[in-house]
Amino acid sequence: MSAAASASPEERIGRQRARRIALAAQGFGQRRPNQSVSAAEIRAVINRLGLLQLDSVNVFCRSHYMPIFSRLGAYDRSELDRMAMHTAAAGHRELVEYWGHQASLLPIDLYPLLRWRMQRVDLEAWKSLVEIARSQPALIAQTQQLVSDHGPIRASATGGRRPARQPGEMWNWHEGKQALEYLFYAGRVSAAGRINFERLYDLPERVLPSAILDEPSPSETDAQRQLVRIAAQALGVATEPDLGDYFRLTRADSRTRVAELVAADELIPVTVDGWSAPAYLWPAADQRGQLNARALLSPFDSLIWTRQRTERLFDFVYRVEIYTPAAKRVYGYYVLPFLLGDELVARVDLKSDRQRGALLVQGAFHEPDVDIDHVAGELAVALRDAAGWLGLDDIVLASRGNLAAALTAAI
């Protein structure tokens, strides 16, 4: 059913319908490949989502690998790695790393749409990066020369020493790393790749295809409008903060761009039951009926990375507890929601014990009012699929959580 034909500014959308629109927009509910997942299928998922968020935590699986597995099933992760590399064998890279939602892999065609962010580095980057650029311009120049002379380099090549981590700090970067990150945010150096997830820095002309480097930069307003279009297509139905948050626009920019797209009839204002904020429907959104998805979701999957939106869509309260002291965690260190049909029905705390070749299920919890045995059986299938994909031969279950007993029986 075409949204353009069915929606009007006064239309009300029920929560279940909004949920199904959002899931379809994110690529769930489609038939998974019967054979090996092709590069074209991987590429299609990335283009649909617009980006894959990166994260350093590897207790279960690197976050950028998971969204494709959640939508397509087992695939060759080296194919995704190849898309983010530029070698004589691979040819031009297809993905580039930059600040999208957070640190992200993006289709390389999106790179020019983010040059306005590079130009606003002193307004948008972290305070510590801006301060070091202002106070030590010689360090910035020397670091860029180091990249020019010796790139690709790791941060350790700058000779900086990591300071002691202060309470509440997420990163304890030394000055050389801060200088590299400032240059990276400004687009003056690029990410050539990663080794053991450590970023390699090089000059853009040695990382990016000449066609991308030579492409004229769109205006800030045109670029931001296109980013909101990509977000709207990936979300299906969303509030203005949802749309702006997808590529981390400021609220002022987000409000203006959304208003412009509404005025141009590119977004359709709607009311979603239970949502306190106005919502906007992508005109070509798929509004299919029942969805039969079954997927474990990374904490950094674009379906759920905005926690307030996750609560609005699924009535599912979810927080990442990685940085919560162990004694205060409710569910566990690395907890993945479980999507079944069109609902989030459970969550599991997972760890890959690569030395033992085992997937550790350290906690399993079901949501209220679900068929516990059915959820356990479907989750058991999803866990077996994940273990096989990661090359883990065994699944070891702990007794923690209200779903643990039923899941143990199912497995």
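**Figure 1. The largest nonpolar core of the predicted model.** In this predicted model, the largest nonpolar core holds 136 residues, and among these Phe60, Leu243 and Leu296 touch the most other members. Helix α17, which runs through residues 372–389, supplies the largest share of this core, with nine residues. The close-up on leucine 243 leaves aside its neighbours within four places in sequence and shows its contacts with Val228, Ala231, Ala232, Leu235, Ala238, Val258, Leu267 and Tyr280.

**Figure 2. The crossing of helices α13 and α15.** Helix α13 (residues 220–235) and helix α15 (residues 251–263) have axes that come within 9 Å and cross at roughly 75 degrees. Angles of 65 to 115 degrees count as roughly perpendicular, and α13 and α15 are therefore roughly perpendicular to each other. On the α13 side the meeting residues are Thr221, Gln224, Arg225, Val228 and Arg229, while on the α15 side they are Asp253, Arg257, Val258, Glu260 and Leu261.

**Figure 3. The protein chain as the setting for the close-ups.** The protein chain contains 18 helices and 14 strands, and its C-alpha trace spans about 65 × 55 × 45 Å along the principal axes. A compact globule of 411 residues would have a radius of gyration near 22 Å, and the value for the protein chain, 22 Å, agrees with this. Of the 411 residues, 54% count as buried. Among contacts between residues at least 6 apart in sequence, 66% join residues at least 24 apart.

**Figure 4. Helix α2 and the glycine that follows.** Helix α2 covers residues 15–25, and because eight of its 11 residues are buried, this helix is largely enclosed by the rest of the structure. The buried residues are Ala18, Arg19, Arg20, Ile21, Ala22, Leu23, Ala24 and Ala25. After α2 comes glycine 27, which has a positive phi, near 90 degrees.

Figure 5. Glycine 187, which follows α10, has a positive phi, near 80 degrees. The loop between α9 (137–150) and α10 contains proline 152, and the peptide bond from glycine 151 to proline 152 is cis, with omega near 5 degrees.

Figure 6. Asparagine 196 is placed in the loop between β5 (190–195) and β6 (198–202), and its phi, near 50 degrees, is a positive value in a residue other than glycine. Exposed means over 50% relative accessible area, and asparagine 196 therefore counts as exposed at 73% relative accessibility. Aspartate 369 lies in the loop between β13 (358–366) and α17, and its phi is positive too, near 60 degrees, in a residue other than glycine. With 84% relative accessibility, aspartate 369 counts as exposed.

Technical notes:
Residues are numbered from 1 along each chain as its sequence is written. This is a predicted model: local features need pLDDT of at least 70, side-chain atom pairs count only at pLDDT 80 or more; totals for chains, interfaces and linings use all residues. Side-chain values use heavy atoms; hydrogens and water are left out. A nonpolar core is a set of buried Ala, Val, Leu, Ile, Met, Phe, Trp, Tyr and Cys residues joined through side-chain atoms within 4.5 Å. Buried means under 20% relative accessible area, exposed over 50%, partly exposed in between (1.4 Å probe, protein chains only). Helices (H or I, at least four residues) and strands (E, at least two) are DSSP runs, numbered from the N terminus. Contact means heavy atoms within 4.5 Å. Axes are lines fitted to C-alpha atoms, for helices over the stretch in contact, and angles run from 0 to 180 degrees between N-to-C directions. Angles under 35 degrees count as roughly parallel, over 145 as roughly antiparallel, 65 to 115 as roughly perpendicular and the rest as oblique. The radius of gyration is taken over C-alpha atoms; the globule rule is 2.2 Å times the number of residues to the power 0.38.
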